[in-house]
2 protein chains.
Amino acid sequence: MLSRVTHYDLFYWPGIQGRGEFVRLALEEAAVPYVDVARTRGGMAVMMKLLRGDGAGLAPFAPPFLRSGRLVIAQTANILAYLGDHHALVADDEASRAGALQIQLTIADLVAEAHDTHHPIDTGLYYEDQKRPAAQRAAAFVRSRIPKYLGWLESTLERRGGTWLLGRHFSYADLSAFQVVEGLTYAFPNAMSRLTRRLPRLLRVRDRVAARPRIAAYLASERRLPFSEDDVFRHYPALDAPRGGGVKRGASTWSGGHAR
Amino acid sequence: MLSRVTHYDLFYWPGIQGRGEFVRLALEEAAVPYVDVARTRGGMAVMMKLLRGDGAGLAPFAPPFLRSGRLVIAQTANILAYLGDHHALVADDEASRAGALQIQLTIADLVAEAHDTHHPIDTGLYYEDQKRPAAQRAAAFVRSRIPKYLGWLESTLERRGGTWLLGRHFSYADLSAFQVVEGLTYAFPNAMSRLTRRLPRLLRVRDRVAARPRIAAYLASERRLPFSEDDVFRHYPALDAPRGGGVKRGASTWSGGHAR
């Protein structure tokens with residue numbers, strides 16, 4: 001474990017959980033003081049200044065980013081790897097560190113795909129301007145992608161045979177698994193309820209994370225923002241259709257998606 | 001720098017560059033012996049066995065993955081961070097290591113968006129089954145996303161004022177910048193030719209990487225596969241329309257894509 005940092009500034013869009021929530025959960029679990037800068041008076045101006053590259057170091061491409069002294073770190077998984085090293089949110093051996101980042105990046109891919117169910121065409125347009133392709137993409141996401149990703153997390157837990165995704169030792173990847181399960185359950189309650197019986201270990205991790213004292217205190221606080229339809233996980237009933245909402249096709253149209 | 005590993009097994013779909021190419025470039029630059037297992041006789045069966053979780057350690061969600069002794073590491077950026085540490089493909093200080101991973105993850109987001117131009121709805125369908133939304137997504141990608149991502153790389157180079165993305169020191173992020181510029185130039189030649197004058201520093205990095213002796217030797221070898229329409233960067237002229245191919249909308253329809 002590297003030196004323990006005693007204060008952070010977190011920069012993320014105010015009013016939503018978004019990708020920033022993965023960082024908030026890690027900061028809360030680490031019990032390290034932080035300021036959620038954009039939620040403070042004048043904070044948005046500071047964030048936009050750093051986004052324009054007016055700070056020292058590498059300018060972030062997008063929020064979330066974390067400031068630790070002179071170091072500014074962006075990209076959610078990168079921030080979590082940093083916090084993991086500095087605050088014992090992952091065991092201090094190479095296999096554990098690489099394993100946690102591997103799981104985190106796989107969860108990040110799932111989050112990006114969840115986002116694209118409501119924005120399959122253009123992030124610069126509203127959902128309402130891309131509802132038809134959104135319904136098609138969401139159908140494929142619900143049918144194929146959620147089961148594949150969450151099934152991978154479940155089988156990882158099964159193979160490790162432990163309490164947490166990396167086995168005996170808790171890591172930030174468990175916090176992120178909690179968040180993605182919560183987000184998908186908010187956005188796709190029908191789809192998720194059908195999967196419940198196939199994900200017993202993953203749902204126990206979700207419950208164990210929620211019961212960790214610092215996480216429980218955070219979830220009960222005003223710092224935890226509610227899910228909403230301005231966020232990455234959005235509940236649009238039209239995208240959570242239980243069946244029959246998919247693109248019609250014959251067996252011959254499958255390519256296996258091998259370039260993914 | 002950690003211990004230098006003397007041999008790797010790389011696992012990736014044979015026949016395409018894909019995400020595996022970012023790893024191949026790093027292995028070639030590091031001049032460490034590796035076997036591209038799925039391209040050898042019987043190699044696909046070995047890869048599929050590891051994907052099913054029959055190996056030791058964490059099963060990968062998808063290729064590429066790298067085997068180093070008993071350690072199996074998946075997720076492109078995670079593999080590159082590992083190779084960076086073990087083979088001096090990034091300077092050995094925290095800011096450089098976090099900076100390289102930050103750039104790599106931003107490039108990974110760009111690659112995922114490039115993929116989704118030909119698969120905006122369903123990775124399990126062919127491009128031909130989603131051509132209309134593909135044209136719409138590609139129009140937005142060409143108009144907004146390529147300039148935003150590559151403009152960020154250009155401004156990073158400008159602010160650092162150095163030869164490479166992290167300034168004075170070469171890193172694996174430079175290899176990945178080379179690859180993404182090459183891929184986008186193959187897939188979207190019209191769009192990229194319009195951007196050339198705005199990206200002088202980035203194109204010089206591309207040229208400098210191509211001229212590095214080990215990379216030049218690799219690019220001239222049979223190990224370097226050609227780009228193709230089975231790959232992540234695909235040249236479909238319909239997706240590279242110079243103008244007028246976008247979704248029509250009024251000024252009021254912009255949300256700014258803040259959840260991205």
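These legends describe close-up views of a predicted model.

**View 1. The contact between chain B and chain A.** Chain B contributes 72 residues to the contact, and chain A contributes 71 residues. The size of an interface is often given as the accessible area lost when the parts come together. Here the area buried between chain B and chain A is about 6100 Å². Carbon and sulfur atoms give 53% of that area.

**View 2. Polar and charged pairs across the interface of chain B and chain A.** Between chain B and chain A, 22 residue pairs are in polar contact, with both residues at pLDDT 80 or more. Four salt bridges cross this interface. One of the salt bridges across the interface joins the side chains of Asp122(B) and Arg143(A), with an N to O distance of 3.0 Å.

**View 3. The side of chain B that touches chain A.** Four elements of chain B each give two or more residues to this side: β4 (71-74), α3 (76-86), α4 (94-118) and α5 (131-160). The most comes from α4(B), with 13 residues. Sorted by class, the side of chain B that touches chain A holds 32 nonpolar, 21 polar and 19 charged residues.

**View 4. The open sheet of chain A.** Four strands of chain A line up in the order β2-β1-β3-β4. Their pairing is mixed. At the edges stand β2 (34-36) and β4 (71-74) of chain A, each pairing on one side only. From one strand to the next, the twist averages 20°.

**View 5. Strands β1 and β3 of chain A.** Strand β1 (residues 8-11) and strand β3 (residues 65-68) of chain A run antiparallel. Three bridges join them. Asp9(A) stands opposite Arg67(A), a residue of β3(A).

**View 6. Two helices across the strands of chain A.** Helix α2 (residues 43-51) of chain A lies across β1 and β3 of chain A. Helix α2 of chain A runs at about 95° to β3(A). Helix α3 (residues 76-86) of chain A lies across β1, β3 and β4 of chain A. The angle of helix α3 of chain A to β4(A) is about 125°.

**View 7. A salt bridge between two helices of chain A.** Over all chains, the whole structure has 32 salt bridges. Glu182(A) forms a salt bridge with Arg206(A), and their closest N and O atoms are 3.3 Å apart. Glu182(A) belongs to helix α6 (residues 172-187) of chain A and Arg206(A) to helix α8 (residues 200-211) of chain A, so the pair ties together parts 24 residues apart in sequence.

Definitions and conventions:
Residues are numbered from 1 along each chain as its sequence is written. Chains are lettered from A and ligands numbered from 1 in the order in which they are written. This is a predicted model: local features need pLDDT of at least 70, side-chain atom pairs count only at pLDDT 80 or more; totals for chains, interfaces and linings use all residues. Side-chain values use heavy atoms; hydrogens and water are left out. Contact means heavy atoms within 4.5 Å. Buried area is the accessible area (1.4 Å probe) that two parts lose on being put together, summed over both. A polar contact is a pair of N or O atoms within 3.5 Å; within protein, one must be able to donate a hydrogen and the other to accept it, and residues adjacent in sequence count only if both atoms are side-chain atoms. Ala, Val, Leu, Ile, Met, Phe, Trp, Tyr, Cys and Pro count as nonpolar, Asp, Glu, Lys and Arg as charged, and the others, Gly among them, as polar. Two strands pair if DSSP finds at least two bridges between them. Axes are lines fitted to C-alpha atoms, for helices over the stretch in contact, and angles run from 0 to 180 degrees between N-to-C directions.
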